[in-house]
Amino acid sequence: MDANRPYSAETDSPGVDLLGMARRHWWLVVIVVIAGLAAAAQFTSVQATVYESATSVLVSPIGNGQDANSTSGRTKGDINLDNEAQLVTSTTVATDAAALMRSTAAPDTLAGSVRVEVPPNTTFLVITFSAPDARTAQAGSHAFAEAYLRNREESAKADVAGRIAILNDKINQLNASLTQINNKLAALRAGDPNRPNLESQRTTVTSQINTLAGQLNQLLTTTVSAGKITRDADLPGRPVKPNRLLNLASGAMIGLLLGVGAAMLRERLDQRVRRPGDLPRRVDVTVLAAVPGRVKPRLDDVFAPFGTGGRIFNRLRNEVLASVPAPAGGDARVVLAGQVVVVAGASRGAASTVVAANLAAAFARTGAETVLVCAHLPDSLVDTASVHRMLGVRAVPGLSDVLAGRFSLSSATQRAPRHPNLSVVTTGGTASAGGLLQSQALRDTLATLRERAAYVVVEAPSTATSADAQSLASLADAAIVAVELRRTRHTEVADAADQLRRVGTPLLGAVVLPRLSAPRGGDEREVTEPETPSVAEDMTTVLEKLPAKKEEPAPKRIRTVPTPPKRQTQTITVTRVATDAPSENGADKRR
């Protein structure tokens, strides 16, 4: 495929695909984000108010080795702060804190409101207390800090007192031993051989007593300091919960993630064609041309030749010509001359009408005689885009009238006033012509048009509504599928391609159009404007080409009028045109 085609700008890279998905489903993402914000606001409104206050406590080592750091301690000093943090939330400290707060709550309940943090490489404890009101939070943090320090100080004093008692007992025992040794020495003579041994024992006991006395004096003079409060709890000015900004941001983020997930799921489950690149990848159908979304297809006229849309269909015309194999040394344009190209829609809508009209106009711009045949039956005609409004011709007579035998092909063939070399056979107004697209009359009609025109473009009904498109394709030399984005499903394109290939008609590919919308009041061109020149032009055609057998009923009605034959022929023509003139809605007045 040519890299300069319009649809090649839409790549299938993941980035472009995600951006396209976000653009297509932006409303779903927005709805889910708004729902996330609403849920966050509701959660914020029902969330309990929580105030927090913190107290910083410096933990001091008491000494004498009782606070030696364990192997798993957090710091390298003499204090195991992990143990101290657990001590803050103990039942004993919580009971003392409840007494200081004068609270009737259970100690375990109060302990559950405490959070203790240890800053790295410090001997500080940060005691945080949570409460429904600010003053309770302040009082609770201070009470737990005081209770912890008191508990630690009392434990240290009790330990010192116990060690003093132990030293006193040992000193008393040594004094008793020393008294016995002195009594024995007093009873011995000066030269007694036992005296040196007793004197040695007395020296040893005296040394031990002196050592223990020194330790006792040290304990008696030690000042016990468990720590101190370096930053007391302050009165919090606003609650930490609910955090409205944090909750709303979290709700928006969660909503965005869920919205993107929902968009991806919807994109995955959506079977509609979203971009031209879906066709070759998912249904194995080549894209001949794609009209960009910024180019709105006109429903009251064909694209201008030198506009973006006109250039696209000029390239489509060249694609059709190049797709027909030419003999050695031959020209593909000569090979295609006199052949029929069918344009069928894969789904209901006006896509085939727009593609067929613009393709026929592109063929006509080459100077070759081109005929556009509209094979949409009245019950499947789409009101938003009709060929008679786009090309400025009458709605009747048309193909259904020719197949029903009410008009000749020459009278139903109208010249498009704004497009030289382009003739149009509209759908017609015979509602009882259903099933005639499979008749021999249609084969004869297409055979006649092959002889009269170089290119014949047939606008076929949708393959999703009937089998008429398949019947028409069997009489054609090539087929094109018209696909409308965001309306046609992949299964419909695959079914259309399968129907056309089964009858042996070469499927050239698909033409992709953006989603078509109904024209506004100002966009719709009145059919009565071009009718006057069309009627004047077609009157000559009827006079020259109307078969004689079609005029048999008319002479019977005017047989009693004594006028010359030439005057009689003119009167017949004027009477038929006035009688057969279509009404505004395309209905036959004679009915």
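These legends walk through several close-up views of a predicted protein model.

Local features are taken where pLDDT is at least 70, side-chain atom pairs count only at pLDDT 80 or more, and totals for chains, interfaces and linings use all residues. Residues are numbered from 1 along each chain as its sequence is written, and side-chain values use heavy atoms, with hydrogens and water left out.

**View 1. The whole protein, for orientation.** The protein has 21 helices and twelve strands; these are DSSP runs numbered from the N terminus, with helices being H or I of at least four residues and strands E of at least two. Of its 591 residues, 44% count as buried. Here buried means under 20% relative accessible area, exposed over 50%, and partly exposed in between (1.4 Å probe, protein chains only). The protein exposes about 30,200 Å², and carbon and sulfur atoms supply 54% of that area. Accessible areas come from the Shrake-Rupley method with a 1.4 Å probe, and for residues only the protein chains shown count as cover.

**View 2. The largest nonpolar core and I480.** A nonpolar core is a set of buried Ala, Val, Leu, Ile, Met, Phe, Trp, Tyr and Cys residues joined through side-chain atoms within 4.5 Å. The largest one has 46 residues, of which L372, L391 and I480 touch the most other members. Helix α12 gives the most to this core, with eleven residues. Leaving aside residues up to four places away in sequence, I480 touches several residues, among them L288, V320, L359 and V511; contact means heavy atoms within 4.5 Å.

**View 3. N358 in helix α12.** Have a look at N358, which sits in helix α12 (residues 351-364). N358 counts as buried, at 3% relative accessibility. Not counting residues up to four places away in sequence, its contacts are V302, F303, F313 and M390.

View 4. A salt bridge is a side-chain nitrogen of Lys or Arg within 4 Å of a carboxyl oxygen of Asp or Glu, and the structure holds twelve. In this one, the side chains of R152 and E84 meet at 3.3 Å, N to O. R152 lies in helix α6 (residues 134-187) and E84 in helix α3 (residues 81-88), so the pair ties together parts that are 68 residues apart in sequence. R152 is buried, with a relative accessible area of 4%, and E84 is buried at 9%.

**View 5. K157 and E153 along helix α6.** The side chains of K157 and E153 also form a salt bridge (3.3 Å, N to O). The two residues are four apart in helix α6, so about one helical turn separates them. K157 is partly exposed at 45% relative accessibility, and E153 is partly exposed at 28%.

**View 6. E484 and R515.** Another salt bridge joins E484 and R515 (3.8 Å, N to O). E484 lies in strand β11 (residues 478-484), while R515 is in the loop between β12 (507-513) and α19 (528-545). E484 is buried, with a relative accessible area of 1%, whereas R515 is partly exposed at 36%.

View 7. W26, W27, V30, I31 and I34 make a nonpolar surface patch of about 510 Å². Patches are made of residues with over 30% relative accessible area and no salt bridge, with like charges joined within 9 Å and nonpolar side chains (Val, Leu, Ile, Met, Phe, Trp, Tyr) within 5 Å. W26 is in helix α2 (residues 26-46) and is exposed, with a relative accessible area of 53%.
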